[in-house]
Amino acid sequence: MSIQTTNASAGDRFDSVVEVLAKANEPKTGDELAGIAAESDAERVAAKRALAGMRLETLRENPVVPSEEDEVTQVIQDAVREPIYDEIKDWTVADLREYLVASETGDHEIAAIRPGLTSEMIAAVTKLMSNMDLVLVTSKMEITARCNTTVGEDGTLSFRLQPNDPADDIDNIIDATREGLAYGAGDAVIGVNPVTDTVETTTRILEATHDFIEEWDVPTQNCCLSHVTTQMDAIREGAPADLVFQSLAGTETGNDEFGVDVDLLDEAYDLAQRRCTSSGPNVMYFETGQGAELSGDAHHGVDQLTLEARCYGLAKRYDPFLVNTVVGFIGPEYLYDGQQVIRAGLEDVFMGQLHGISMGIDACYTNHIQADQNDIENLAVLLAAAGTNYFITVPMGDDVMLNYQSNSYHDAAALWEIFDLEPTAPFREWLVDVGLWENGRLTDRAGDPTIFT
Amino acid sequence: MASDSNRTHDADSTGKSGQVDDRRDEALRRIVDRTPTRLGVGRAGPRPTTASLLELRADHGLARDAVHSRVDETLVDDLELVKLRTQVADTDQYLARPDLGRELADESLETLRAECAHAPDVQIIVSDGLSSTAVEANVPELLAVLRDGLADRDIDVGTPVFVEYGRVDVMDAIGEELEADCCVNLVGERPGLRTAESLSAYLVYGPERGLPTAKKSVISNIHDGGLPPVEAGAELVDLVAEMLEREASGIDLRDDDREFTT
Amino acid sequence: MADARRTLTSIGVDVGTTTTHAIVSRLRVETPPGGAASPKITDREIVHRGTVRETPLLDSETIDVDRVAAFVDRELEATGVTADEIDTGAVIVTGETARRANAEPLVHRLAADSGQFVAAVAGASLEAVLAGRGSGAATRAAEAGGLVANVDVGGGTTNVAIFDGRDSARDRTGPGSDGVAVRETRCLDVGGRLVTFDDRRRVISVSPPARTLVEALELPIARGESPPADALDDLAAAMADRIVDLCAGPPFDDLTRALAIGPLPDESLEFDGVVFSGGVGRLVASPPDDPFAYGDLGGSLAAALADHAVVRSWPVLEPAEDIRATVVGAGTETTTLSGRTVSLEPSTLPLRNVPVAAVPDVSNCSDAALEGRFEAGVSRLLERHDPDEVDAVALSIDDVGPLAYDRLRAVGDALVPALESLSPSLPMVVVTRQNCAKVLGQVLRRRTDRPLLVLDELVVGDGDYLDVGEPMPGGESVPVVVKTLAFGE
């Protein structure tokens, strides 16, 4: 295939949809490392122009990884509702952008076309959107999901409490939980990443968080983020899990690197429906992040944003309660600095919500990337304005187990205050009951973990 | 304390009586003392206290400096290491291009061939990696123990080298070029906020470019608060001897006792 | 991800003044994440809680060893575990039994017969600690972050262990130990079995410590007679006074001093909790209606403690184990694990009953003065023990000073000549708290050919004994029992 831009300057020709998508991407070191990025800004804009004129049908019919080679492509293609697709297939990507940003288009109008979209279409339109475009359109969408409680409702902003410990020490995990709850964080999930991926550790963490939630009647859900098979074994042996977690990639080979495939995820979903301790119906939790496929050498020459979109296409199959990108964790060879991290964070949350999944973000950075706490606070403000469903929070922004920095427990109350938002209703009522919340603000007692001793 | 403290639903416990405050202080101190996490940091409105904020920035600053500073040249000279460099031009490129950190620059390749002993039993490599601080803090002690211990066992260490902007897998290229039986690469780890001094030792038997990670062994978390560098040096002696004897590294070396690790 | 983990099957046997019991437990061993960390025992589950039986005596001075051995065999049978399948554990003789003529051969025989690596243990202080760990007092101290005293009142002795759960005390436990620090122990020759009665309430025996009290109080209590009830009450009250005095002092009453086993402390303490355990201790919560129910003074002593004004002012906490506290401690709390990187001579393992001399204050000792320190340690070993009678000898060097290669070489240079007075074939064990066993082993082996083990991340005191087992599968870490062997105190 040869694709000519509509306003072609000399030589701006592209050989494939994959190439146009890659070159139209905003600058990312990961695409450069893969050798697929535009070589100049001029070429980048030419690719954006080519993409703007591309019909949605072209994107549907040219999935970035062929359907016969890749089950993720099959999942995405199978999910398309054909009559809706037929109505929009002649739109160009530019048409789609202008439909989304139009003042007349609200949540209802976006929902009306959603079943006709593929992940490639969503990736394509993202590449044409500016940062403010992304914030604007994300703010229109209200995607709710319910586990024990409901996240994503208008006027709410939720937080995952991430009380990791470098030795999987249960006392320390519970102390960090106490501290987070004392700041009002934790209504999305109390989710722990274990160091040791074993059934025993997973069970211990699930039991401890479950017991704590029961003892203090916290209206939230627990999760231990070990490998899905480890959680499944623990759950089969009776461990109390409200959610089942797994990291996802946007290609079959990428998921193979993660030790999962669609059959296994189907099995996990089925088990979760039957055995999770939560009331549901949304009982899955996924994490993603641009660059994961390249780092596992499973990118098929496709740019990292498009592959990220495909993660959401796969996630959608399981009606997840939570999906978040872990946006700055992967390192500077994929997202170089604060600017690239912020851009990717806005893209990911937008793409997730446009897929119709309950999307949040781990706005984070490692110590070898050109970013600091200010960058992720910027991103948090932008995404709170955009209406992301939740953020990850860790004590004082420092996760001493995963060795990276994310938003602080403190950021929850600051974002609620800036944007006049609140946690989920039952959680807010619980905060009032335990004396931590009054008149839309934290009380004087907030921030003291010994409240829960 | 846990068993008899008041639930906070109880309005009485919000009182300011000294006894309650003392017990709270003690409980808080216990929480803060036993965890490596930043707990009990307090707040100013919905923001951290100034002291907590600046402490985080200070720790991050140390970590950033460890990434961006270079290993002291005189240390490299004192340790009698041959100085090499990868194809990476500067720190920015090092961070963005891991592929270039795995191959030596042309002039370094020539230096390697000219100055380093061919076909040693073990080629010792020191790489700055992501923390020059880790190299400076640990390598002098570790290397002295390692050299003596290998000499005790008549294992020939060839000509140890230092690689600026080196990644773990630069040992594949160096080992292949020199036809070393095995390589040890001491690499500065990505700094955390708790310590910027953590070093890892990666080992490979039969080094050649492109060998998968699974074929490599590692001893990690080497620093004063983790595995002390002197003890790590002694452990490396045993591990190198075992690799040479069994002609294997990585999963080829340890797979047989995996039943223990389930 | 490294998750070296397995289970050790452990036996505990307690041959006490009045009763003998055995338990079998499973200890879960896990290697904490982080690469540098050493394996630890993370969970202790009792899988068989044996029957409490009366300790069989041949006569007042002699334990019936064969019948005790038969008890243990029967308990193992009941569990369905053979001695071959017992990995570790401890056999302890406690109370007055530790003073019987054949106590020492008894524990060694039982230890050798009960499993692969079962330690023989004796000593009132260690008994106090094991009872407090078994009763849950140590855990209570950790939970409370304060001082909790375990008062184990048995047939022959009362052993008090004071656990310090404050974080400031954490450094005193070894880095490899997850145990709660022991602040001190206080032991006393007071127990329920010091006076025994026949079914007509006539006195059968009055043990010497009881006689001390009877004489001091001029009570009409003598063998063969039925003493008046108030005389027995007075004796029980006097015993209770001694126990209270032991816990509350200093200052101590002269009678308390007369009955004390080992030294008494010179500082009095406030407790955040007190736990009673042991055969008499467990009755304090609800003394029996019939004081003669056990044919001894135990019921009266428990009642006297329960009524004691001072005891009533104490924050008494419920024990997790009462009569079995010591055996549970022996079965689940004696085995620890060395550091992950050590220097072994596998052919010498297991080693049993290795006497230890601690070399004090090495950390701030100049290189030049080291050899003298080590020589003094070796001389102490030779004074206390005949080197031909032991499997090995051990020096404990808590802190070698800065973990620098130069310092370790200086330690090696000083240590090797200091060992010259020992036979070159006698295995030498060097124990450190710091993580440096492998490098110290490398340094020492360069200087000597004698059989050598260097173990780290262990805290071992002067006069203690060590049992060292074979390495855990898949690693080098060895199970170790740090213990005392004090008979007839």
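Student: Domain bounds come from an automatic or database domain assignment. In this predicted model, how many Å separate the centres of domain 2 of chain C and domain 3 of chain C?

Tutor: Chain C is divided into three parts, among them domain 2 (129-328) and domain 3 (342-472). Taken over C-alpha atoms, the centres of domain 2 of chain C and domain 3 of chain C are separated by 38 Å.

Student: Is Leu161(A) buried or exposed?

Tutor: Leu161(A) is placed in strand S5 (residues 158-161) of chain A. A residue is buried if 20 or more other C-beta atoms lie within 10 Å of its own. Leu161(A) has 30 other C-beta atoms within 10 Å, so Leu161(A) is buried.

Student: Are H11(A) and H12(A) parallel or oblique to each other?

Tutor: Residues of H11(A), including Ile173(A) and Thr177(A), meet residues of H12(A), including Ile205(A) and Phe212(A). The axes of H11(A) and helix H12 (residues 199-215) of chain A are 10 Å apart, at an angle of about 40°. Angles under 35 degrees count as roughly parallel. H11(A) and H12(A) are therefore oblique to each other.

Key: Residues are numbered from 1 along each chain as its sequence is written. Chains are lettered from A and ligands numbered from 1 in the order in which they are written. This is a predicted model: local features need pLDDT of at least 70, side-chain atom pairs count only at pLDDT 80 or more; totals for chains, interfaces and linings use all residues. Helices (H or I, at least four residues) and strands (E, at least two) are DSSP runs, numbered from the N terminus. A residue is buried if 20 or more other C-beta atoms lie within 10 Å of its own, exposed if 12 or fewer, and partly exposed in between; C-beta atoms are placed from the backbone. Axes are lines fitted to C-alpha atoms, for helices over the stretch in contact, and angles run from 0 to 180 degrees between N-to-C directions. Angles under 35 degrees count as roughly parallel, over 145 as roughly antiparallel, 65 to 115 as roughly perpendicular and the rest as oblique. Two residues are in contact if their C-beta atoms, placed from the backbone, lie within 7 Å.
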